[in-house]
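Open the model in your viewer and keep the selection tool ready. We will go stop by stop.

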Number of protein chains: 2
Amino acid sequence: MPSYKLTYFDARGFAEPARMLFHLAGVSFEDVRVSREDGSWEKVQDSTPFGKLPVLSVDGFDIPQSAAIIRYLANKFGYAGKSPEEKAWADAIVDQFKDFVGAFSELILAQRSGKSAEEIARISTEITTPAKEAWFKILNGILDKSKSGFLVGDGLTFADLVAVENVTTLEKNGFLVASEQPKLIALREKVYGIPAIKKWIDTRPDTPF
Amino acid sequence: MPSYKLTYFDARGFAEPARMLFHLAGVSFEDVRVSREDGSWEKVQDSTPFGKLPVLSVDGFDIPQSAAIIRYLANKFGYAGKSPEEKAWADAIVDQFKDFVGAFSELILAQRSGKSAEEIARISTEITTPAKEAWFKILNGILDKSKSGFLVGDGLTFADLVAVENVTTLEKNGFLVASEQPKLIALREKVYGIPAIKKWIDTRPDTPF
């Protein structure tokens with residue numbers, strides 16, 4: 001078994017689906033969490049391939065970009081989809097998530113950089129809310145047709161992990177009301193109910209993002 | 001051989017690497033180009049999985065999202081990378097490209113929606129230019145270490161196609177000066193010199209994007 005090290009911040013964010021894949025597969029890994037505050041992020045930044053986190057190190061070979069990391073692990077551990085077509089759909093859902101996050105990060109950026117309340121409201125109305133509604137509509141549409149209750153095929157894929165962690169983050173930050181999204185909440189309960197996932201969820205650090 | 005139909009606008013954009021993969025593999029496909037002007041896009045929009053293009057239809061099975069589409073084709077035709085680690089790197093480069101395009105599309109959106117020259121200049125200085133420089137730095141860093149001259153391993157992958165088509169689009173629209181990016185231009189010449197690609201480039205519709 002290779003030696004795995006996953007480096008990210010002390011957050012779920014873009015690394016959590018990778019952590020969940022390790023727990024699902026019962027594969028041990030080093031869960032390295034750096035911080036901007038104590039300078040540990042600055043220390044590793046120059047050694048990262050793209051200047052960003054997460055980075056997965058496999059026997060010292062570094063892989064950047066969260067979607068590439070989780071696809072790599074999902075293929076290794078059997079959670080990438082069962083056919084080329086299922087894999088393409090899991091990929092497509094994760095790509096769509098990336099598009100949604102792009103729209104969302106504009107709002108976060110505006111808030112952090114101290115934009116006016118008017119400008120923040122404009123971004124929320126014109127960009128973030130439509131992007132969120134489009135993303136929820138896509139997920140609900142897929143779940144409407146799903147026989148297994150999962151997003152792709154008859155079992156869990158990394159697309160489910162990405163979707164449910166996003167549901168948790170949106171809910172924790174007031175962007176999703178559970179009672180308004182019963183299908184997404186049911187998907188999360190299904191995923192969080194898997195014993196290896198449940199065990200991790202019960203013990204993982206509680207972070208807002 | 002399955003029946004392939006690729007639906008997009010009359011542009012290179014997010015569909016061109018998929019078209020190039022078909023030409024590289026010598027596999028015929030229906031190159032459907034719809035338009036906002038003549039209403040043909042409106043006609044198909046509701047039938048697309050995510051309300052967007054491109055969509056690849058394989059014997060009637062629809063796959064959305066450009067990166068998912070080209071990864072699917074690259075895996076079928078042998079241009080996805082030769083090992084799980086090479087595949088992860090090709091994926092990571094394409095994901096990084098998506099991050100760059102996200103920053104770039106803010107500028108395009110600001111221009112199209114008639115923002116003030118001041119606001120457009122601000123977006124260009126604060127968001128687009130740093131994102132472009134980061135993207136070029138990553139590509140140049142990879143090419144510096146490459147023995148084959150390709151971005152991943154010793155042969156062409158879909159990451160090369162994404163990168164060189166982006167070089168062409170940036171150059172055509174005044175965002176890249178060829179003499180300032182010799183390594184990216186050399187990569188493009190290498191890719192465009194592959195006979196099957198060259199034949200397609202010589203005959204394909206000439207579009208700005």
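Buried area is the accessible area, taken with a 1.4 Å probe, that two parts lose on being put together, summed over both. By that definition, chain A and chain B bury about 2500 Å² between them. Carbon and sulfur atoms carry 61% of this area. Keep in mind that this is a predicted model.

**Stop 1: the two copies**

Color chain A and chain B separately. Chain A can be laid on chain B by a turn of 180 degrees, with a shift of 0.0 Å along the axis. The RMSD of that superposition is 0.0 Å. This is the relation of a two-fold axis. The same surface serves both copies, as 100% of the contact residues of chain A recur in chain B.

Now select A:G102. Of the residues of chain A, A:G102 comes closest to the rotation axis, with its C-alpha at 3.3 Å.

**Stop 2: the interface between the chains**

Select the residues of each chain that touch the other. How many salt bridges cross the interface of chain A and chain B? The rule finds six.

Zoom in on A:D91 and B:R71. These two form a salt bridge, and their closest N and O atoms are 2.9 Å apart. Polar contacts come next: 18 residue pairs, both at pLDDT 80 or more, link chain A and chain B.

Which elements of chain A build its side?

**Stop 3: two domains in one chain**

The domain assignment of chain A gives domain 1 as 4-78 + 197-203 and domain 2 as 84-193. Select both ranges of domain 1 together. The C-alpha centres of the two domains of chain A lie 21 Å apart. Their contact takes 16 residues from domain 1 of chain A and 16 residues from domain 2 of chain A.

Between them, domain 1 and domain 2 of chain A bury about 1400 Å², 67% of it on carbon and sulfur atoms.

**Stop 4: polar links between the domains**

Two salt bridges are counted between domain 1 of chain A and domain 2 of chain A. Look at the side chains of A:R12 and A:E165, which meet in a salt bridge at 3.0 Å, N to O. The count of residue pairs in polar contact between these domains of chain A is four, both residues at pLDDT 80 or more.

Next, highlight α1 (16-25), α3 (66-77) and α8 (195-203) of chain A. Each supplies at least two residues of the side of domain 1 that touches domain 2 of chain A. By class, that side of domain 1 of chain A has ten nonpolar, two polar and four charged residues.

**Stop 5**

Zoom out. Over all chains, the salt bridge count comes to 36. Finish on A:R19 and A:D31, whose side chains meet in a salt bridge at 2.9 Å, N to O. A:R19 sits in helix α1 of chain A and A:D31 in strand β2 (residues 30-34) of chain A, twelve residues apart.

Conventions
Residues numbered from 1 in each chain as written. Chains lettered and ligands numbered in written order. Predicted model: local features only at pLDDT ≥ 70, side-chain atom pairs only at ≥ 80, totals over all residues. Heavy atoms only, no water. Least-squares fit on C-alpha atoms with pLDDT ≥ 70 in both. Contact = heavy atoms within 4.5 Å. Domains from an automatic or database assignment. Salt bridge = Lys/Arg side-chain N within 4 Å of Asp/Glu carboxyl O. Polar contact = N/O pair within 3.5 Å; in protein donor to acceptor, adjacent residues only side chain to side chain. Helix = DSSP H or I, 4+ residues; strand = E, 2+ residues; numbered from the N terminus. Nonpolar A, V, L, I, M, F, W, Y, C, P; charged D, E, K, R; others polar.
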